[in-house]
Amino acid sequence: MDSPEQNIPDFSIVLGIETSCDETSAAVVARLPDGSGRIVSNVVRTQWERHRPYGGVVPEIAARAHVECLDILIQEAMREADIAFADLDAVAATAGPGLIGGLIVGLVTGKAIALASRLPFIAVHHLEAHALTVGLTEGLRPPYLLLLVSGGHTQLLIVRGAGDYERLGTTIDDALGEAFDKTAKLLGLGFPGGPAVEQAARGGNERFDLPRPMLGRPEPHFSFAGLKTAVRRTAEQLAPLKPQDVADLAASFQAAVIASVADRCARAMDIAAERLGSGTPLRFVVAGGVAANERLRGSLRALAEKRGYTFHVPPAQLCSDNAAMIAWAGAERLALRLIDPLGAPVRPRWPLDLDAQPAIGAGVKA
Ligand code: KG4
Ligand code: ZN
(Lines give C-alpha, C1' and ligand atoms only; values in the text may rest on other atoms or scores of the structure.)
(Ligands and ions follow the chains in the order given, each with its own letter.)
Protein backbone atom coordinates (compact mmCIF):
# COMPACT_ATOMS: atom_id res chain seq x y z
CA MET A 1 0.00 0.00 0.00
CA ASP A 2 1.13 3.56 -0.69
CA SER A 3 2.05 5.64 2.29
CA PRO A 4 0.08 8.92 2.60
CA GLU A 5 3.32 10.82 1.88
CA GLN A 6 3.43 9.59 -1.70
CA ASN A 7 1.73 10.96 -4.80
CA ILE A 8 1.45 14.57 -3.68
CA PRO A 9 0.13 16.55 -6.65
CA ASP A 10 1.23 20.08 -7.66
CA PHE A 11 -2.39 21.04 -7.29
CA SER A 12 -3.51 20.41 -3.73
CA ILE A 13 -6.66 20.86 -1.66
CA VAL A 14 -6.13 21.13 2.08
CA LEU A 15 -8.55 21.18 5.02
CA GLY A 16 -7.41 23.57 7.76
CA ILE A 17 -8.46 23.63 11.43
CA GLU A 18 -7.86 26.50 13.87
CA THR A 19 -8.60 26.28 17.62
CA SER A 20 -5.64 27.99 19.32
CA CYS A 21 -7.55 30.79 21.06
CA ASP A 22 -11.14 32.07 20.92
CA GLU A 23 -12.08 31.44 17.30
CA THR A 24 -13.13 28.01 16.08
CA SER A 25 -12.57 27.73 12.36
CA ALA A 26 -12.45 25.22 9.50
CA ALA A 27 -11.53 26.00 5.90
CA VAL A 28 -10.71 24.42 2.57
CA VAL A 29 -7.98 26.03 0.48
CA ALA A 30 -6.61 25.07 -2.93
CA ARG A 31 -3.00 25.60 -3.97
CA LEU A 32 -2.53 25.81 -7.72
CA PRO A 33 0.51 24.55 -9.65
CA ASP A 34 1.76 28.14 -10.10
CA GLY A 35 1.92 28.49 -6.29
CA SER A 36 -1.11 30.75 -5.98
CA GLY A 37 -3.95 29.99 -3.56
CA ARG A 38 -7.76 30.08 -3.52
CA ILE A 39 -10.02 30.03 -0.48
CA VAL A 40 -12.74 27.50 -1.29
CA SER A 41 -14.49 27.84 2.08
CA ASN A 42 -13.64 29.50 5.40
CA VAL A 43 -16.06 29.12 8.32
CA VAL A 44 -15.22 31.07 11.48
CA ARG A 45 -17.16 31.07 14.74
CA THR A 46 -16.03 33.48 17.41
CA GLN A 47 -16.54 32.79 21.12
CA TRP A 48 -16.58 36.43 22.21
CA GLU A 49 -20.04 36.19 23.77
CA ARG A 50 -18.82 33.42 26.10
CA HIS A 51 -15.75 35.33 27.28
CA ARG A 52 -17.23 38.83 27.43
CA PRO A 53 -18.52 38.53 31.05
CA TYR A 54 -14.93 37.83 32.18
CA GLY A 55 -13.30 40.60 30.13
CA GLY A 56 -10.80 38.19 28.56
CA VAL A 57 -10.40 34.69 27.14
CA VAL A 58 -10.97 31.95 29.76
CA PRO A 59 -8.97 28.87 28.59
CA GLU A 60 -11.36 26.23 29.96
CA ILE A 61 -14.40 27.92 28.42
CA ALA A 62 -12.53 28.25 25.12
CA ALA A 63 -11.63 24.55 25.01
CA ARG A 64 -15.21 23.46 25.74
CA ALA A 65 -16.60 25.84 23.10
CA HIS A 66 -14.21 24.38 20.48
CA VAL A 67 -15.38 20.84 21.34
CA GLU A 68 -19.03 21.88 20.95
CA CYS A 69 -18.81 23.23 17.43
CA LEU A 70 -15.65 22.09 15.65
CA ASP A 71 -17.20 19.01 14.00
CA ILE A 72 -20.15 21.08 12.76
CA LEU A 73 -17.86 23.77 11.34
CA ILE A 74 -15.75 21.16 9.53
CA GLN A 75 -18.93 19.72 8.02
CA GLU A 76 -19.99 23.22 6.95
CA ALA A 77 -16.60 23.99 5.38
CA MET A 78 -16.63 20.68 3.48
CA ARG A 79 -20.24 21.17 2.35
CA GLU A 80 -19.52 24.69 1.14
CA ALA A 81 -16.48 23.41 -0.74
CA ASP A 82 -18.68 20.63 -2.12
CA ILE A 83 -16.05 17.92 -1.61
CA ALA A 84 -15.55 14.74 0.40
CA PHE A 85 -12.61 13.95 2.72
CA ALA A 86 -11.34 11.57 0.02
CA ASP A 87 -10.92 14.56 -2.34
CA LEU A 88 -8.48 16.27 0.03
CA ASP A 89 -4.69 16.06 -0.33
CA ALA A 90 -3.91 16.82 3.32
CA VAL A 91 -5.30 17.92 6.68
CA ALA A 92 -3.62 20.79 8.56
CA ALA A 93 -4.34 21.83 12.15
CA THR A 94 -2.79 24.40 14.47
CA ALA A 95 -0.38 22.67 16.88
CA GLY A 96 0.69 25.84 18.72
CA PRO A 97 1.41 28.31 20.13
CA GLY A 98 -1.84 28.91 21.99
CA LEU A 99 -4.10 27.63 24.75
CA ILE A 100 -3.44 23.95 25.36
CA GLY A 101 -7.06 22.78 25.73
CA GLY A 102 -8.17 24.29 22.44
CA LEU A 103 -5.04 23.14 20.64
CA ILE A 104 -5.68 19.53 21.71
CA VAL A 105 -9.25 19.70 20.38
CA GLY A 106 -8.17 20.87 16.91
CA LEU A 107 -5.03 18.77 16.62
CA VAL A 108 -6.70 15.50 17.63
CA THR A 109 -9.65 16.16 15.30
CA GLY A 110 -7.31 16.89 12.39
CA LYS A 111 -5.26 13.76 13.08
CA ALA A 112 -8.41 11.61 13.27
CA ILE A 113 -9.62 12.84 9.87
CA ALA A 114 -6.15 12.33 8.36
CA LEU A 115 -5.90 8.83 9.79
CA ALA A 116 -9.39 7.75 8.77
CA SER A 117 -8.99 9.19 5.25
CA ARG A 118 -5.34 8.10 4.84
CA LEU A 119 -4.19 11.67 4.24
CA PRO A 120 -0.93 13.42 5.13
CA PHE A 121 -1.18 15.45 8.34
CA ILE A 122 0.49 18.82 8.88
CA ALA A 123 0.94 20.35 12.35
CA VAL A 124 0.86 24.08 11.66
CA HIS A 125 2.61 26.84 13.61
CA HIS A 126 -0.08 29.47 14.18
CA LEU A 127 2.36 32.36 13.71
CA GLU A 128 3.72 30.86 10.50
CA ALA A 129 0.14 30.80 9.23
CA HIS A 130 -0.22 34.54 9.98
CA ALA A 131 3.22 35.11 8.41
CA LEU A 132 2.40 33.36 5.12
CA THR A 133 -1.17 34.71 4.65
CA VAL A 134 -0.01 37.32 2.10
CA GLY A 135 1.02 34.39 -0.13
CA LEU A 136 -2.61 33.33 -0.18
CA THR A 137 -4.15 36.79 -0.49
CA GLU A 138 -1.78 38.40 -2.98
CA GLY A 139 0.76 35.80 -4.06
CA LEU A 140 3.61 37.52 -2.18
CA ARG A 141 6.58 35.19 -1.67
CA PRO A 142 9.41 35.57 0.88
CA PRO A 143 11.77 37.15 1.63
CA TYR A 144 10.04 40.01 3.40
CA LEU A 145 10.10 41.88 6.69
CA LEU A 146 7.10 41.00 8.85
CA LEU A 147 5.46 42.78 11.78
CA LEU A 148 3.34 40.18 13.54
CA VAL A 149 0.91 41.74 16.00
CA SER A 150 -1.70 39.59 17.71
CA GLY A 151 -3.23 39.00 21.12
CA GLY A 152 -0.28 36.92 22.29
CA HIS A 153 2.66 38.03 20.13
CA THR A 154 4.43 41.13 18.92
CA GLN A 155 7.42 40.36 16.74
CA LEU A 156 9.48 41.70 13.88
CA LEU A 157 10.83 38.91 11.70
CA ILE A 158 12.65 38.44 8.43
CA VAL A 159 10.65 35.73 6.65
CA ARG A 160 12.92 33.83 4.27
CA GLY A 161 10.53 30.95 3.55
CA ALA A 162 8.23 28.43 5.25
CA GLY A 163 10.11 27.36 8.39
CA ASP A 164 12.86 29.93 7.86
CA TYR A 165 12.55 32.96 10.15
CA GLU A 166 14.95 35.40 11.75
CA ARG A 167 13.50 37.32 14.66
CA LEU A 168 14.73 40.90 14.91
CA GLY A 169 12.51 42.10 17.75
CA THR A 170 9.90 41.00 20.27
CA THR A 171 8.03 42.44 23.24
CA ILE A 172 9.68 42.49 26.63
CA ASP A 173 6.30 42.45 28.41
CA ASP A 174 2.76 42.62 26.96
CA ALA A 175 1.78 41.79 23.39
CA LEU A 176 0.22 44.67 21.46
CA GLY A 177 -3.22 43.02 21.24
CA GLU A 178 -3.04 42.35 24.97
CA ALA A 179 -2.28 46.05 25.59
CA PHE A 180 -5.35 47.03 23.53
CA ASP A 181 -7.49 44.48 25.41
CA LYS A 182 -6.28 45.58 28.86
CA THR A 183 -6.72 49.26 28.01
CA ALA A 184 -10.26 48.55 26.80
CA LYS A 185 -11.06 46.74 30.03
CA LEU A 186 -9.66 49.62 32.06
CA LEU A 187 -11.78 52.14 30.14
CA GLY A 188 -14.88 49.94 30.36
CA LEU A 189 -14.99 49.47 26.60
CA GLY A 190 -15.64 45.73 26.59
CA PHE A 191 -14.17 42.73 24.84
CA PRO A 192 -12.43 42.18 22.45
CA GLY A 193 -10.59 45.35 23.21
CA GLY A 194 -8.79 46.18 19.97
CA PRO A 195 -11.82 47.04 17.83
CA ALA A 196 -13.48 48.77 20.84
CA VAL A 197 -10.48 51.05 21.47
CA GLU A 198 -10.21 51.84 17.76
CA GLN A 199 -13.90 52.73 17.62
CA ALA A 200 -13.74 54.91 20.78
CA ALA A 201 -10.59 56.64 19.52
CA ARG A 202 -12.44 57.82 16.40
CA GLY A 203 -14.39 60.30 18.53
CA GLY A 204 -11.44 61.34 20.69
CA ASN A 205 -8.69 63.95 20.80
CA GLU A 206 -5.10 63.03 21.57
CA ARG A 207 -5.01 65.39 24.54
CA PHE A 208 -3.00 63.16 26.93
CA ASP A 209 0.75 63.00 26.57
CA LEU A 210 1.36 59.28 27.16
CA PRO A 211 4.83 57.67 27.00
CA ARG A 212 6.11 56.32 23.65
CA PRO A 213 7.90 53.15 24.86
CA MET A 214 11.32 52.11 23.52
CA LEU A 215 11.64 55.08 21.16
CA GLY A 216 15.09 55.22 19.58
CA ARG A 217 16.40 51.96 21.07
CA PRO A 218 18.85 50.26 18.68
CA GLU A 219 17.23 46.81 18.89
CA PRO A 220 13.68 46.77 17.53
CA HIS A 221 12.04 45.38 20.65
CA PHE A 222 8.69 46.51 22.06
CA SER A 223 7.24 47.28 25.49
CA PHE A 224 3.66 48.20 26.33
CA ALA A 225 3.28 47.56 30.08
CA GLY A 226 4.41 51.09 31.06
CA LEU A 227 2.01 52.68 28.62
CA LYS A 228 -0.86 50.65 30.03
CA THR A 229 0.07 51.82 33.55
CA ALA A 230 0.17 55.42 32.33
CA VAL A 231 -3.37 55.03 30.94
CA ARG A 232 -4.50 53.63 34.30
CA ARG A 233 -2.93 56.49 36.27
CA THR A 234 -4.45 59.11 33.98
CA ALA A 235 -7.85 57.42 34.26
CA GLU A 236 -7.58 57.34 38.06
CA GLN A 237 -6.74 61.06 38.17
CA LEU A 238 -9.72 61.91 35.96
CA ALA A 239 -12.22 59.58 37.67
CA PRO A 240 -15.16 59.54 37.26
CA LEU A 241 -14.53 59.34 33.51
CA LYS A 242 -16.89 61.18 31.18
CA PRO A 243 -17.51 59.60 27.74
CA GLN A 244 -15.26 62.24 26.14
CA ASP A 245 -12.44 61.38 28.58
CA VAL A 246 -12.71 57.73 27.56
CA ALA A 247 -12.59 58.64 23.87
CA ASP A 248 -9.63 60.99 24.43
CA LEU A 249 -7.73 58.38 26.44
CA ALA A 250 -8.39 55.76 23.76
CA ALA A 251 -7.17 58.16 21.06
CA SER A 252 -4.08 59.09 23.10
CA PHE A 253 -3.28 55.44 23.82
CA GLN A 254 -3.63 54.50 20.17
CA ALA A 255 -1.46 57.42 19.06
CA ALA A 256 1.29 56.46 21.56
CA VAL A 257 1.15 52.82 20.46
CA ILE A 258 1.38 53.74 16.80
CA ALA A 259 4.30 56.13 17.37
CA SER A 260 6.18 53.43 19.27
CA VAL A 261 5.41 50.65 16.78
CA ALA A 262 6.33 52.86 13.80
CA ASP A 263 9.67 53.76 15.42
CA ARG A 264 10.45 50.06 16.05
CA CYS A 265 9.46 49.14 12.49
CA ALA A 266 11.64 51.91 11.04
CA ARG A 267 14.60 50.47 12.95
CA ALA A 268 13.80 46.95 11.72
CA MET A 269 13.51 48.21 8.14
CA ASP A 270 17.09 49.51 8.32
CA ILE A 271 18.34 46.22 9.76
CA ALA A 272 16.39 44.08 7.27
CA ALA A 273 17.60 46.13 4.28
CA GLU A 274 21.17 45.45 5.39
CA ARG A 275 20.62 41.73 6.11
CA LEU A 276 18.75 41.06 2.86
CA GLY A 277 21.40 42.85 0.81
CA SER A 278 21.08 45.18 -2.15
CA GLY A 279 19.15 43.79 -5.09
CA THR A 280 16.53 42.12 -2.87
CA PRO A 281 13.17 43.88 -3.23
CA LEU A 282 12.15 45.50 0.05
CA ARG A 283 8.71 44.37 1.17
CA PHE A 284 7.03 45.04 4.51
CA VAL A 285 4.15 42.84 5.65
CA VAL A 286 1.88 43.38 8.66
CA ALA A 287 -0.17 40.42 9.94
CA GLY A 288 -2.08 39.20 13.00
CA GLY A 289 -5.28 40.46 14.63
CA VAL A 290 -4.01 43.97 15.46
CA ALA A 291 -3.18 44.48 11.75
CA ALA A 292 -6.93 45.05 11.36
CA ASN A 293 -6.44 48.49 13.02
CA GLU A 294 -6.94 51.09 10.31
CA ARG A 295 -4.87 53.85 11.92
CA LEU A 296 -1.97 51.46 12.44
CA ARG A 297 -2.19 50.23 8.84
CA GLY A 298 -2.26 53.79 7.52
CA SER A 299 0.77 54.90 9.55
CA LEU A 300 2.80 51.82 8.67
CA ARG A 301 1.93 52.11 4.99
CA ALA A 302 3.21 55.70 4.98
CA LEU A 303 6.36 54.67 6.84
CA ALA A 304 7.07 51.78 4.46
CA GLU A 305 6.64 53.97 1.41
CA LYS A 306 8.94 56.62 2.87
CA ARG A 307 11.66 53.99 3.41
CA GLY A 308 11.44 52.39 -0.03
CA TYR A 309 9.45 49.33 1.06
CA THR A 310 6.26 48.13 -0.59
CA PHE A 311 3.46 47.59 1.95
CA HIS A 312 1.32 44.48 2.27
CA VAL A 313 -1.44 43.53 4.69
CA PRO A 314 -4.14 40.85 4.40
CA PRO A 315 -7.79 41.97 4.38
CA ALA A 316 -9.03 42.54 7.95
CA GLN A 317 -11.05 39.28 8.14
CA LEU A 318 -7.90 37.29 7.32
CA CYS A 319 -5.80 39.21 9.88
CA SER A 320 -7.77 37.77 12.80
CA ASP A 321 -7.66 34.04 13.46
CA ASN A 322 -9.11 31.85 10.72
CA ALA A 323 -8.55 28.37 9.32
CA ALA A 324 -7.92 29.53 5.72
CA MET A 325 -4.48 30.69 6.83
CA ILE A 326 -3.88 27.33 8.55
CA ALA A 327 -4.90 25.40 5.43
CA TRP A 328 -2.66 27.66 3.32
CA ALA A 329 0.37 27.17 5.60
CA GLY A 330 -0.40 23.43 5.38
CA ALA A 331 -0.52 23.59 1.57
CA GLU A 332 2.79 25.47 1.46
CA ARG A 333 4.43 22.88 3.69
CA LEU A 334 2.87 20.04 1.71
CA ALA A 335 4.40 21.48 -1.47
CA LEU A 336 7.78 21.32 0.32
CA ARG A 337 6.99 17.73 1.47
CA LEU A 338 7.08 18.92 5.10
CA ILE A 339 4.64 16.39 6.54
CA ASP A 340 4.25 15.54 10.24
CA PRO A 341 3.78 12.20 11.97
CA LEU A 342 0.45 11.55 13.69
CA GLY A 343 2.35 11.70 16.97
CA ALA A 344 3.09 15.43 16.46
CA PRO A 345 2.64 17.09 19.88
CA VAL A 346 0.70 20.21 20.83
CA ARG A 347 3.13 23.03 21.51
CA PRO A 348 1.50 25.77 23.63
CA ARG A 349 4.83 27.66 23.58
CA TRP A 350 6.60 27.41 20.26
CA PRO A 351 9.00 30.12 19.03
CA LEU A 352 9.00 30.74 15.29
CA ASP A 353 12.71 31.51 15.21
CA LEU A 354 14.28 28.68 17.21
CA ASP A 355 17.60 30.55 17.45
CA ALA A 356 16.04 33.69 18.91
CA GLN A 357 17.25 34.71 22.37
CA PRO A 358 14.92 36.25 24.97
CA ALA A 359 14.88 40.06 24.64
CA ILE A 360 15.76 40.34 28.35
CA GLY A 361 16.37 37.57 30.82
CA ALA A 362 14.92 34.11 30.61
CA GLY A 363 11.26 33.26 30.35
CA VAL A 364 10.33 36.37 28.41
CA LYS A 365 7.78 35.77 25.68
CA ALA A 366 9.46 33.94 22.78
O1 KG4 B 1 -4.42 37.16 15.70
P2 KG4 B 1 -5.57 37.27 16.62
O3 KG4 B 1 -6.96 37.15 16.04
O4 KG4 B 1 -5.49 36.19 17.75
C5 KG4 B 1 -4.27 35.81 18.31
O6 KG4 B 1 -3.60 34.95 17.69
O7 KG4 B 1 -3.95 36.40 19.36
O8 KG4 B 1 -5.44 38.65 17.41
C9 KG4 B 1 -6.38 39.05 18.37
C10 KG4 B 1 -5.97 40.39 18.93
C11 KG4 B 1 -6.81 40.82 20.12
O12 KG4 B 1 -5.97 41.27 21.15
C13 KG4 B 1 -7.66 41.96 19.54
O14 KG4 B 1 -8.05 42.92 20.52
C15 KG4 B 1 -6.70 42.55 18.53
O16 KG4 B 1 -6.09 41.42 17.93
N17 KG4 B 1 -7.40 43.36 17.51
C18 KG4 B 1 -7.21 44.68 17.33
C19 KG4 B 1 -8.13 45.09 16.33
N20 KG4 B 1 -8.83 43.98 15.93
C21 KG4 B 1 -8.36 42.92 16.67
N22 KG4 B 1 -6.37 45.54 17.93
C23 KG4 B 1 -6.43 46.83 17.55
N24 KG4 B 1 -7.29 47.30 16.62
C25 KG4 B 1 -8.15 46.48 15.98
N26 KG4 B 1 -9.00 46.94 15.07
ZN1 ZN C 1 -3.51 34.72 15.66
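This briefing walks through the metal site, the ligand surroundings, a few backbone features and one arginine in the structure above. The model is predicted, with a mean pLDDT of 94 for the protein. A zinc ion (ligand 2) is held by H126, H130 and D321, and D321 is also among the residues closest to ligand 1. Welcome, and here is the tour by topic.

**Confidence**

- Of the protein's residues, 96% reach a pLDDT of 70 or more.

**Zinc site (ligand 2)**

- The protein donor atoms are NE2 of H126, NE2 of H130 and an OD atom of D321, at 2.0 to 2.2 Å from the zinc ion.
- Along the chain, these donors follow the spacing H-x3-H-x190-D.
- The site brings together distant parts of the chain: H126 belongs to helix α4 (residues 126-138), whereas D321 sits in the loop between α10 (316-319) and α11 (323-335). These two residues are 195 residues apart.
- Both H126 and D321 are buried.

**Ligand 1**

- Ligand 1 is surrounded by 20 residues, and the closest are G151, D181, G194, E198 and D321.

**Cis peptide bonds**

- G96 and P97 are joined by a cis peptide bond with omega at about -15°. P97 is placed in the loop between β4 (90-96) and α3 (100-116).
- Another cis peptide bond connects A239 to P240, with omega at about 0°. P240 is part of the loop between α7 (225-238) and α8 (243-276).

- R118 has a positive phi, near 50°, and is located in the loop between α3 and β5 (121-125). With a relative accessible area of 44%, R118 is partly exposed.
- M214 has a positive phi too, near 70°, and lies in the loop between α6 (193-202) and α7. Its relative accessible area is 12%, so M214 counts as buried, the cut-off being under 20%.

**R207 and its partners**

- R207 is found in the loop between α6 and α7. Its relative accessibility is 44%, so R207 counts as partly exposed.
- Leaving aside neighbours within four places in sequence, R207 is in contact with Q244, D245, D248 and S252.
- The side chain of R207 makes polar contacts with two aspartate side chains: D245 at 2.3 Å and D248 at 2.6 Å.
- R207 and D248 are 41 residues apart along the chain, while their C-alpha atoms are separated by 6.4 Å.

Notes
Residues are numbered from 1 along each chain as its sequence is written. Chains are lettered from A and ligands numbered from 1 in the order in which they are written. This is a predicted model: local features need pLDDT of at least 70, side-chain atom pairs count only at pLDDT 80 or more; totals for chains, interfaces and linings use all residues. Side-chain values use heavy atoms; hydrogens and water are left out. Donors are N, O and S atoms within 2.8 Å of the metal (3.2 Å for Na, K and Ca); water is not among the atoms, so sites may look incomplete. Helices (H or I, at least four residues) and strands (E, at least two) are DSSP runs, numbered from the N terminus. Buried means under 20% relative accessible area, exposed over 50%, partly exposed in between (1.4 Å probe, protein chains only). pLDDT is the predictor's confidence in each residue, from 0 to 100. A residue is near a molecule or strand if one of its heavy atoms lies within 4 Å of it. Contact means heavy atoms within 4.5 Å. A polar contact is a pair of N or O atoms within 3.5 Å; within protein, one must be able to donate a hydrogen and the other to accept it, and residues adjacent in sequence count only if both atoms are side-chain atoms.
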